[in-house]
Structure formats: structure tokens, C-alpha cells
Amino acid sequence: MESEQRGGPAEGAGSPATWPGGPGASLELLVHGVGGTTPEEMLDDPRTVRITGDDTAAVFRRADDVDAERRPAERREGPVPEAYVWCNLTSGNGIRALWLLLLPFMVVNLAHWMRPTARGHRRTVRLYGLLVRLAGLSLTVLLVAAACEVALDLAAWQCAGTHACAVRHPWLGFLSPGTSDGGWWSTPGRRLALASLVPVALTGLLWFLSLRTWSAYESQQPMTHDPGPEEDGGCTALGRPGFWYGRRLGARLRAAHTAAGLLTVAAAVGSAAARHDRGPGGPAVLGVLGTLLEAALAVGAGVVVAVVCRRGRTERRLDGELDRRLVRCLPLGALVLLAFTLLYAGWERPGWESAGRLPGDAAFGALALAQGLLVIVLAGVAHSLHRTDPGRRAAMRGLAGPAVAMLACALGGVMSGGVSQRVSDWLDGTGTSIPGPPVLLTWQASVIPPLLLLLVVLCGWLARRAWHIARGERAAVEREYPGETGDSGRTRRIASVRAVAALTDRGPRVLAVTSAATLLLGAGALVGALTTDRTPGEATRGSYAVVHGAAETAQALGSWLIGLGFILFVTWGRRAYKDASARRTIGVLWDVGTFWPRAAHPFAPPCYAERAVPDLTWRIATWTRATGGRLVISGHSQGSVLAAATAWQLPQSTRRRVALLTYGSPLERLYGRWFPAHFGPDALSSLHREVDCWRNLYRRTDPIGGPMRLPGDRGPDVDRPALKDPLAYGRTETHPLPAPILGHSDYQADPAFAEERRRLLARLRPGVPAPRHTGEPDGAQGSGGRSSA
């Protein structure tokens, strides 16, 4: 999305909340889109002053407008613009480069909010949220299990236990029985206990990142107000007082996921020792202790699942409780169990030698099976919800959430398998000294080439669709610019941009095919690994030559692709840590994916809206209360989504003093389709009724923004007819040089922007009410909303 938003010429006056004002005071609050920008660009002035806020998010004004309310005689017509700059919430300091590790968690958290619209089915809605939270828990276990696979199995168990591998890596020498002459750390249990510090450190890092961002984001208390009947459970939950305050749920889930990570490490260490103790000749006392310890770990796992299964969010009120005993005791109890497990594993066991692999195939297989079943059940629940209130525009007929959850699980599997495969290749240069990672991870890597081939076919289909759309758009372009000198190249470029922008609406089909193929290929990999217990190349040996060749090719190519992806991942993360511009580019991903609260996964990147929406709500409510004036929220791209969320959070008396001007807005085209329960037609229609007035601008060349498509007879239309882009076909008196195709950017360059803003402000002036129904044509209607209250 476009990161730049310029305020253009000033048309009014504003004031900080504490300044005196009058009934004629008015303010335009600019909210930029993703990628971020500067207050100087938004306000079109090199001299800006921070009015309120901090280095993370703040409101700015032009220096000349700081004391506008103290100089009413000098006030110009219209509002002085203020700029709310929130880009540092997603692309601030270098630590945000670590958020790349959290990508699967962010994706599964999105699935929670993609549920279909449903009324009167609270149990089914809760079941949907429960299943997504369990899928998120499985991703935490998968990530920690992958770290255990690398540190415990590949390094401490296999490589340190094999003389040839340990010789190639001297840093493992003190763990090797051969090279250390039977040193104290060379016994298998102690090697595993020491190596467990790596996954424990990873779990601690995730806990720290979550705690730090929880304190900065979820702890920003929204403005309290009494919810109206619709806010309390009508068209959307975004107006509920506690929606943007997930402090309690975040703390509870963080404790549960931290405990799950620690218990995963304890199970990986303790299971190897317990398996040896239960074998022939194993010490009886240690065997009993191992059984008791495994039972304790099973009880701990049951407690974690029970905590995750508890009711999710409390949105109808500001919930200030923290479940302090649970938040403290659950991770501490898991840490105590881990400490006992490490002591148990490090006990002296004469004759114990490491051989083969740790039982990773069973663990990863169980995780893959559980994730597949969760996604299938989630799809059934989502389909049931969609049938109760089918939405014509809902993506994938309500199945977008399960599809995204499937992709999150696949992404977690690819990242886990990629790290294991790369570390195995690095440790075992010859490919013969150690067994390597679990067979299932190799099978999962082998399904990547077929999936990429499918994506290539989908890209070909999209290209063909774009070509057909472009052919149809050429005649439309010529009709929109009558009397212009024909230029076939110019016409083709405009038509092509429109065609590419239209491909956004094909996204649900691409996701449906990709997620279904991922589920089928993942199931095939799981069946192949469990039934053969061999890699694809070995399993097909002796079959048809073409089958064996394809299996070996897929296996080798999949390993290479995973290695390439791992290198790119590390490169991007390192660059993002050092380079602010690269961090801002990657921040675009977080701008889109972290709008929603962390309701399914506490280790996902933090929800910036839990800081931005309270910021905007407090600013608007305090300013209108102090000045008695009215306000226009001018939102571009993702800023329009923040503007809508803010309007829902305002008290009803304040909401009716607010106008909305949105442009390049994904409110209906993306959020309304992918998140129908919160941004569906009913929710947007209620917003149209409740704010003073609303006008939306869009272009057919814009791949992100689109019309609102509000149904029914609710006064003047919100949508202005699609803006021309480019503004001029050829060279004209006003455009002597070729006009650019703007697409998603620079809506302020179109004269329609200033025209619509001027009409909105005219409707907001006290004492100049406008009728809700007018006889004017669409182009002459000012605001697209209700008359001034």
C-alpha cells in the first residue's frame, strides 16, 4: 500500500484538547496508510510541531497552527489539519527484525478474526475461537520442537555421539565420548540437558518479546463509555468498550504458551532418558521416576490445554483483571518440571550410548496430524456459521479462516523443516555420518516443488485473466477520454493497470486452491513418512524409474529451496535489523497483518491498533469536548480502517459530530470480504448511519481501495463515482506533460479530493443542516451521510 499522504493546502483550524474553542471550531485529523510517512509530508509543511504523543505515535500540527484556538480572529475557513503518525508502531527500532520469526503466529491470529458473520450462535462462535487457539498452541509447540530437533537431536545426540562428526566440529568435542576421553558432559543425558538451553532460550525470547510488547500495546487503556445496543453485540464488535483492550487474555495466553514451550523441552529430554530406563537392564528406580515424570508432564500439558480452552476475550467491558496467580504459577510450574527433568536426565547411567535418532518422527507426525484435524474441524464450524447468515461478498463462502490457518501451519512446518535440514547438512558434510532429521521433515520438504508448480499455474491463470480484462478495458478507456488523440500504447498501459488492480478480487480463489493443495500434499507426506519410515527417494527405490526420479528430484529440489528460503530469511532479518529503510519495507507486512488483537496467539507481533485506536479516540473525544467543534477524520488506505475502528469506539454523542473522508480504502474490498463478522455490509451500514457524514473516493486502477457498496436506501451514497486515473489522457493546457497513473497513491492530487473535503466541512458547520435525501445528482451531493446534528 502507498505510504505517503499529503495534507494539501490547509482549509481550517484545529486545537489541542485543553484549549478554548468555539462552536465554529473544526479539525481535520489525517491518518496515513501502511509503510509510514512523515508529518512534514502529511501536512505539506517543513515546520511541524508535536502536539501530543511520544516517539512511537504522535499527533503533529503545522507550526503556524499550534495556537489556532487562541487566535480566533485569524482563523481561516475550514479546519487546520493535524497528522497522526503511527508508522513507528510497526517499523520502529531494530528489534522488530525479530518479528520475522513470528510470521506463522501472525497468520494464525488472522484466522481467528476471519470467522463468518453469525448471530445467535454464541457456542459455535466460541468453538471457532477455541479451535484457532488450539492451532496457535500447536504452532508454538512445533517451533520449540524444531529447536529441540536442531540442538538436542542433531547436535547433542547424533553429531556429538558420532566420532567422525564431532571431529569435524571441534566446538562439540567436550560433548563427544571419543574426543573428550569420557568427560563429564559426554554422557547422553547430560549432553541433552546442556543442549536444552537452546530451546529454553528461544522460549524465553518469545516470552520476553510478548511481555515487552504487551506492556506497550495491550496496556493502553481505551476511553471508557457506555455501549449502545448495537455496540453491545449488534452489527460489529469493534464498538465494544473492551475490544481494543486484550490485556487479560494476552497475559493468560502468554503464560500458557510459555509453559507449553518449556514442557516441550522437558518432554524431549525426559523421553530419551525414560526410554533407556524402561529398556532391558535399565535401573528400576530411575524407570519409576521416569514414569512419574512423564505423568507429571502429561498433567502439565493438560493444564495448558485447559487454560487455552477457557473462554477467550471479554469485550463488553474493560477487563482490568490479570489472573495473576495463573500467569505466575503456570510458567513457574513448567520451569520446575523442566529442572527436575534435567536432573533426572543427567543422572549417571553406565552403558548408555546415543544411537540413531531421538523419537522425533512420532512427535512431528502427531503435530502434523493434530493440525490437519483442527483445520478440517474448523472448516466444518466455519461452514456451519456461514450457512446461518450467508454473505454474498464473504471470501471463500466463509472458509477463509480455515484456509489461512492451514497456511499458517504449513508455514510453520516449512520454517521448522528448513532449519533442521540446513543444520543437518552443515553438521554432516558427507551425508553419511549421522542419520539426519526426522523422515517426516524430508517428506514435507519434498512437497514444496509440487506446490510451487501449482503456484506457477495459478500465476499463469491470473496472467490470462488480466489479459482478458485488459482487452475489455481498452474500449472503456477510450470512452472515458472522448476527443483525445488516439494512442494505443497509452490506452494499453491504462487498461493493463486496471486489469492488474482487478486481480485483487481473485485472491479468494487463489487462496482456496493453495490451501486445499497444501492440506492434500501435507496429508500425503504424513502418510508416506509413517508407512515407509524412509525418505521419498529411498521409499521409491525399486519402483518405476520415472517415479523414483521424480521423488529424488522433489527431495533434492525441496531441500535446496528450503535452504534458499532460510538464507533469504536470515538475510532479510539482518538487513532489517541494521537498515531502517529495509525495516520500514518489511514493516508493511506488519501494518497489514497486525491490525487485529492477539486473540489466538500471544507470540504474534503486537496489535498496533490497541495503541492507535485509543490514541485517536482520546484525541477526538477530548478535542470535541473542550472546543464544542466538529471534526473530519481523513484516512488513506489502512488509515481509513483505523478511522472506522476509532469512530465505532467514540461515544454516540461524539460520533455524530464526526465526518469520515476515506480514499484508497480497503474497508469493503479487503476487510469486508475477509473479515465479514466485523466489517461486513451491516457493520459498514451502521457506521454510515451513526457518523455525521461519510464520503469515499476510489480509482479503478487501485489494487487496494474500492467502493463501500452499501446496500439499501440510507441517504446519499457514500461512494463518489470512480475517479479518473490518469487525470488526463494526453497533453493538455493544465497537464502539458504526461499525467502519471496514480493507482493507490496521491489521492490529494485529484481535484475531487478538495471538492469532497470542502463539502464535508460545509455540512459540519453548525447551523447549516443538510437534508438526508436530496434531489441533486450524485456528483453534487456533498457528504454521503446524514445532516448535521
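This section describes the disulfide, the salt bridges, a charged surface patch and the backbone features of a predicted model.

A search of the whole structure returned 1 disulfide. The bond is formed by Cys159 and Cys165, with an S to S distance of 1.9 Å. A disulfide is a covalent bond between the sulfur atoms of two cysteines. The torsion about the S-S bond is -90 degrees, which gives the link of Cys159 and Cys165 a left-handed form. Cys159 has a relative accessibility of 0% and is therefore classed as buried. Cys165 is likewise buried, because its relative accessibility is 0%. Two further cysteines were examined for accessibility. Cys329 has a relative accessible area of 46% and is partly exposed, whereas Cys409, at 4%, is buried.

Salt bridges were counted next, and the total is 27. One of them joins the side chains of Arg50 and Asp55, with an N to O distance of 3.0 Å. Arg50 is partly exposed, because its relative accessibility is 42%. Asp55 reaches a relative accessible area of 62%, above the 50% limit, and so counts as exposed.

A salt bridge is also found between Glu473 and Arg700, where the closest N and O atoms lie 2.5 Å apart. Glu473 belongs to helix 14 (residues 448-480) and Arg700 to the loop between strand 7 and helix 26, so this pair ties together parts separated by 227 residues in sequence. With a relative accessibility of 12%, which is under the 20% limit, Glu473 is buried. Arg700, by contrast, is partly exposed, with a relative accessible area of 38%.

The side chains of Arg669 and Asp505 form another salt bridge, at an N to O distance of 3.2 Å. This pair links distant parts of the chain, 164 residues apart: Arg669 is in helix 23 (residues 667-674), and Asp505 is in the loop between helix 15 (488-502) and helix 16. Arg669 is buried, because its relative accessibility is 9%. Asp505 has a relative accessibility of 29% and is partly exposed.

Positive charge gathers on the surface in a patch made up of Arg122, Arg123, Arg126 and Arg311.

Most residues other than glycine have a negative phi, and most peptide bonds are trans. The peptide bond from Asp725 to Pro726 is cis, with omega near 5 degrees. Pro726 is part of the loop between strand 7 (693-697) and helix 26 (751-764). The loop between strand 7 and helix 26 also holds Asp746. This aspartate has a positive phi of about 50 degrees, although Asp746 is not a glycine. Its side of the accessibility scale is intermediate: Asp746 is partly exposed, because the relative accessibility is 26%. A positive phi, near 55 degrees, is also present at Asp533, again a residue other than glycine. Asp533 is placed in the loop between helix 16 (507-532) and helix 17 (536-539).

A contact within a further loop concerns Leu175. Leu175 lies between helix 5 (163-168) and helix 6 (188-195), in the loop that joins them. The C-alpha atoms of Leu175 and Ser186 are separated by 4.4 Å, and the two residues are 11 residues apart along the chain. Leu175 is buried, because its relative accessibility is 6%.

Technical notes
Residues are numbered from 1 along each chain as its sequence is written. This is a predicted model: local features need pLDDT of at least 70, side-chain atom pairs count only at pLDDT 80 or more; totals for chains, interfaces and linings use all residues. Side-chain values use heavy atoms; hydrogens and water are left out. Patches are made of residues with over 30% relative accessible area and no salt bridge: like charges are joined within 9 Å, nonpolar side chains (Val, Leu, Ile, Met, Phe, Trp, Tyr) within 5 Å. Accessible areas come from the Shrake-Rupley method with a 1.4 Å probe; for residues, only the protein chains shown count as cover. A salt bridge is a side-chain nitrogen of Lys or Arg within 4 Å of a carboxyl oxygen of Asp or Glu. Lys and Arg count as positive and Asp and Glu as negative; His and the chain ends are not counted. The place of a charge is taken as NZ of Lys, CZ of Arg, CG of Asp or CD of Glu. A disulfide is a pair of cysteine sulfur atoms within 2.5 Å. Buried means under 20% relative accessible area, exposed over 50%, partly exposed in between (1.4 Å probe, protein chains only). Helices (H or I, at least four residues) and strands (E, at least two) are DSSP runs, numbered from the N terminus.
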